[in-house]
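Here are my notes for a colleague who is new to this entry. Please read them with the model open.

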Amino acid sequence: MALAVLSIASEAVPLIKTGGLADVAGALPAALAPHGVAMTTLLPGYPAVMAALKRPRVLHSWDSLLGQPARLLTGKLGDNPLIVLDAPAYFDRQGGLYSDPQGRDWGDNWRRFAALGRAAADLAGGLVKGRRFDLVHAHDWQAAMALAYLRFAPVKGSVPVPSVMTIHNMAFQGYYPRETFRELGLPRSAWSITGVEYHGGVGMLKAGMEAASMITTVSPTYAEEIRSAEFGMGLEGLVTSRGDRVRGIVNGIDSAEWNPASDPHIASHFTARSLTRRAANKRALEAEFGLEPGDGPLFIVVSRLTWQKGMDVLVEVLDHLAGIGGRLALLGSGDAGIVAGLQEGAGRHPGKIGLRIGYDEALSHRMQAGGDAILVPSRFEPCGLTQLYGLAYGCVPVVARTGGLADTVIDANLAARSAGVATGIQFNGVNYHALAAAITRANALYYQPDAWQALQRNGMKSDFSWTNSGSAYAALYRELTGKA
Ligand code: ADP
């Protein structure tokens, strides 16, 4: 019999996405199906999710779910089962998933996502006839309260099931004032330093991490890094105390969506054996960004423009990049200060630095297909997807040695090059000198065509599809449930 898993997430492709979490939550059910895992996903009923439902059935209704009426409705996430928490007072809003149209966090986020957790715990506890789950998998702080409810306030008479808490980014923890605790419907015993209490308030991610049978992050290196104060964001003590209950499983990429041999967004299709066909994509990209055509390396960046992503340091190296004959095409959105710095740099180097401020999925494909190298100077990176797309598209990743970047790119040092396994360039420390030196190294390698093409081909051969990650999650579920 298939192992039945309830996955709880606040976003999932193809229905709703603001970041990498949506890619993972959306891809998991299909990746796990071949391993005998039947995954049902629980999502909040945002307008876009509700609009996608086709003749939903009502599985359950609450007159009051933490204060507001709510229902569970059936739906589909791709070919896999979906359950939607339809609670208009919580989720039927214009604006962002987590913030209002002015960009401020919704003031009742604690209640919205506690309600999601309560609904998940009820569902896992057998509230809906015919729906039984062997394991619960919660993603990020928005889903974490499910595990706290299962631990402290389960459905009466229900059998406890093992759980996984996956951290996609430790920087977001769902921390709320003490007063919210009494609204959560948890017993007083939950208010303890091994429960939901965290520095005098309610810590949602923390509560999930305390309750989970296993904590996972999205790369092995990040799983190690969050044991330290530098990366643990205050939770390093808890991570350390959970010992070997913390693991890393690297994300996969959707290889149907990201395949340069068939990508509908790019002008010239190619494979590792026809790299010369990338040239047409490079010319198209230069034209699209208003860059002078040239034979020198064309660097790309596709990123949130934030401190985490090291984009402030990128601003500092623009003159160096242009000075050594490089060009840059950048797509991103984020901090106003970083945008201003980029615009000044582009103004100093017309024809060499081109910017597109915004979010554009199709353009991101054209950039990976036409760029020579992708720069990813993140200060921390739980997994990172853009370097994986770069590998798949022969756009050589130049990355900071941290988190998932360290785990997925093989630096072109002498040993790796002589063994023929190098796929990119890594550098230590996110600062001007380290990034400038990495760009200089990339530039030098680019002018050794045999070496450069070896990097491209090796990258295109690396397998970061969901096949490996799917079997790692399935093995973990089996280990925790003890079911074959
Ligand atoms: P994070 O989730 O921390 O932002 P990841 O690298 O894990 O970083 O995932 C980012 C995802 O969002 C990737 O799929 C990337 O291609 C995409 N992305 C980021 N910024 C943009 C943008 N401005 N336009 C299009 N896609 C973007």
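1. Gln456 is buried, at a relative accessible area of 7%. Buried means under 20% relative accessible area, exposed over 50%, and partly exposed in between, with a 1.4 Å probe and protein chains only. Gln456 sits in helix 18, residues 449-461. Helices are DSSP runs of H or I with at least four residues, strands are runs of E with at least two, and both are numbered from the N terminus. Gln456 touches Leu275, Arg278, Gly394 and Val396, leaving aside residues up to four places away in sequence. Contact here means heavy atoms within 4.5 Å. Arg356 lies 100 residues from Gln456 in sequence, and their C-alpha atoms are 25 Å apart.

2. A word on the source. This is a predicted model, in which local features need pLDDT of at least 70 and side-chain atom pairs count only at pLDDT 80 or more, while totals for chains, interfaces and linings use all residues. Residues are numbered from 1 along each chain as its sequence is written, and side-chain values use heavy atoms, with hydrogens and water left out.

3. Is Glu344 buried or exposed? Glu344 counts as exposed, at 54% relative accessibility. Its place is in helix 12, residues 336-348. Glu344 and Ala171 are 173 residues apart in sequence and 29 Å apart in space, C-alpha to C-alpha.

4. Next, helix 13, residues 361-370. Seven of its 10 residues are buried, so helix 13 is largely enclosed by the rest of the structure. The buried residues are Leu363, Ser364, His365, Met367, Gln368, Ala369 and Gly370. Their cover includes helix 10 (278-288), helix 14 (386-392) and strands 13 (298-305), 14 (327-334), 15 (353-357) and 16 (373-376).

5. Helix 4 (residues 109-124) packs on helix 5 (residues 140-152) at about 50 degrees, with the axes 7 Å apart. Axes are lines fitted to C-alpha atoms, for helices over the stretch in contact, and angles run from 0 to 180 degrees between N-to-C directions. Helix 4 and helix 5 are therefore oblique to each other. Under 35 degrees counts as roughly parallel, over 145 as roughly antiparallel, 65 to 115 as roughly perpendicular, and the rest as oblique. Their crossing is right-handed. By class, the contact has 11 nonpolar, three polar and one charged residues. Ala, Val, Leu, Ile, Met, Phe, Trp, Tyr, Cys and Pro count as nonpolar, Asp, Glu, Lys and Arg as charged, and the others, Gly among them, as polar.

6. Helix 5 also meets helix 6, residues 204-211: their axes come within 7 Å and cross at roughly 50 degrees. That makes helix 5 oblique to helix 6. The crossing of helix 5 and helix 6 is left-handed. The classes here are nine nonpolar, one polar and three charged residues.

7. How many disulfides are there? The count is zero, where a disulfide is a pair of cysteine sulfur atoms within 2.5 Å. The sulfur of Cys383 has its closest cysteine sulfur in Cys395, 17 Å away, too far for a bond. Cys383 is buried at 2% relative accessibility, and Cys395 is buried at 0%.

Note on methods
Left-handed = near helix turned anticlockwise from the far one by under 90°.
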